[in-house]
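Hi,

Here is the structure I promised to pass on.

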Amino acid sequence: MNSFQDIKNASLYEPRIQFIKKQLESLLAVVDLEKEGRIVEVDGFRLKNLKDWLVPSSCDPIEVFEYAGSHCDCDCLFCYNRGNPPSVALGNLRRPPREEFEEMRTRIDYFFPKAKSSLFSSLGEIYEVSIHPHFLEVLRLLRGKTPKVLRITTNGKTLTPDVVSRLAELKPVYLYLSLNSASPSRRRKLMRDRDPQIAIDSLPLLKEAGIPYAVLIVPWPMDSLGEMLDDLGATVSYAEEHDAHLVGVNLPGYSKYFSQEKLFDLDEVWSATVSHVRNLREKTACPIVVMPSMYEENLYEGRKNLPKVIAAVKNSPAAGAGLGMGDQILEINGISIASRPQARDLLFILQRSENREARLRVEREGRTLQLSLNLEDFSYPYSRESDNHLGIIFMGTGLRLSYLERLKEIIDSYKAKHVLFLSSILVKPTFEQCLAESHLFGDLRIDIQVLRNNFFGGNVFMGDLLVVQDFIDFIKEYLERNRVRPDLIVIPSSPFNLGQWGRDLTGRVYLEIEREVGIPVELLECASIYD
Amino acid sequence: MAKKDYVFRYKLEPKKEAVYPDPLLEMIRAQLENILNIVIPLEGQREVRIDGFKLLRDRERAYKIFTNEQGLGDFLQECYL
């Protein structure tokens, strides 16, 4: 008999299981069950017919193979899993690898890409997938089900020549390689990797095998900020030398559970890193993306949400046409472009189309240029399957103007006159700009407020990591401070995006906010910005 | 031999917290709270937020469903889809 599942994970993605659990517990408080006249002591339940538990799904293979990531073979200084609050709804089952494999195999059996349905998710904390003894077998089974790109995040410790060649048999594959440093001594210190050379040496192997990859770096300011920035430059050079598809720089943060003490000044480290990356971009052909990208945009871009190019992937149609840093897209195939999400959407459609050419009108240093992209002229590290925008890299996803239309619909449905909109430090400037330029709202009062993340604490300020209790605490304080009581509160849905059931990271439903504060709360559906 | 599905099992625990001392009343409250965390009831096309209940045998007394709520009151009756 296999282990019990962790109900915390189910509460995020499939709260109907938690519903059944609570209903049964509630009933068993007042009745005993019996069989053939004898009381049956029940201590659990199981799902009867798994076909009943299929849910709509994009059927990305990662939905299955991430269950292989229950352990890790590194011990990174900055591992975010160590900073998770105890009440976060991400359980980590401890069970034998064989049992994990059995679950993955069943998930593959119920993985239906054509019907776009699969078994409900139940993921806990995710560590390193590639060390699982059945990992490659799982990938092979998945490849039998879907031609989609296998997008694998790995610390690279297992990327020996043999593993790389076996991954190459499963193409299309794209790796997010958490290299962090191309210096063996620094990688050893940062990740406590005893054999750092394996990951470092994997870059030329991946290139040789034709597997595109992103090099990921957490610029942790160790031992000093200057040392980190120097190493960042060296690692970017190494990635460029081996034709990395792009470099992703994940700006570092930590929760109060990770450290009670201040480990570094976030603004100092983040602004210095972004400034350094901008300098590196001037002399590096490999695209370098800083995440969260809105931090860079807020620091450097007076006008937000523009379809400005920060780089083109080497050997991509965009690079072939001469697109590069600073170009702003004005038109795509004759269609006028107003915002970054619009540009990304059109490029995404073109990328998936049979078109052989795309025409772009761009603004470069005050001049307007007409560029023609040959969509059939590309080579490694660009690939048709794993790229999304013909090789154009933007400063993040941007804010969709359709969100404002939806916001207006919500406000109208309540006939609200005073709306409290809860945003984040990162999104607020862009949201304010879009709101000021919109003609939808007239003289309606929308009070945009930013709240602190007390749940994670530390220097975590991403809006997507806010939880129900953060909202309740903030709104209660707000109501004490302000004489005018809002008649509607609107919250972006992104902190509740893990499942489709409006749950935060602790498993609480957003409806609890309005029950506590006595004002209606609506979620404004929007994508997570950290992608 | 045909391979079997992995069994998704979940543990039951004795119910601990109770809002009402009457176990049968508490059972009804808990079941309502539970269902209101996964659905929003409708009256016609109109969304209705529920925060209490009465027993059919005693329409004079009302019971709260949620423990900490402020009493959503009348305004929620006016929410439309």
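Predicted model: local features only at pLDDT ≥ 70, side-chain atom pairs only at ≥ 80, totals over all residues.

Helices (H or I, at least four residues) and strands (E, at least two) are DSSP runs, numbered from the N terminus.

Residues are numbered from 1 along each chain as its sequence is written, chains are lettered from A and ligands numbered from 1 in the order in which they are written, and side-chain values use heavy atoms, with hydrogens and water left out.

Another buried spot is A:Leu159, with a relative accessible area of 3%. A:Leu159 sits in the loop between strand S6 (150-154) and helix H6 (161-168) of chain A. Beyond its neighbours within four places in sequence, its contacts (heavy atoms within 4.5 Å) include A:Leu175, A:Leu177, A:Ile198 and A:Leu206.

Chain A is split into domain 1 (7-50), domain 2 (52-301), domain 3 (317-394) and domain 4 (402-524), with bounds from an automatic or database domain assignment. The C-alpha centres of domains 3 and 4 of chain A are 35 Å apart.

Now the second largest pocket. Domain 1 (7-50) and domain 4 (402-524) of chain A both contribute to its lining, so the pocket lies between them. A pocket here is an open set of points on a 1 Å grid over the protein atoms alone, where a 1.4 Å probe fits, with protein on both sides within 12 Å along at least five of seven lines; lining residues have an atom within 4 Å of a point. There are 36 lining residues, and A:Gln18, A:Lys22, B:Glu17, B:Glu33 and B:Asn37 lie nearest the centre. H2(A) gives the most to this lining, with eight residues.

As for chain B, its secondary structure is one helix and five strands, in the order β-α-β-β-β-β from the N terminus. Of its 81 residues, 35% are buried.

Over to you!

Key
Buried < 20%, exposed > 50% of the residue type's maximum accessible area, 1.4 Å probe, protein only.
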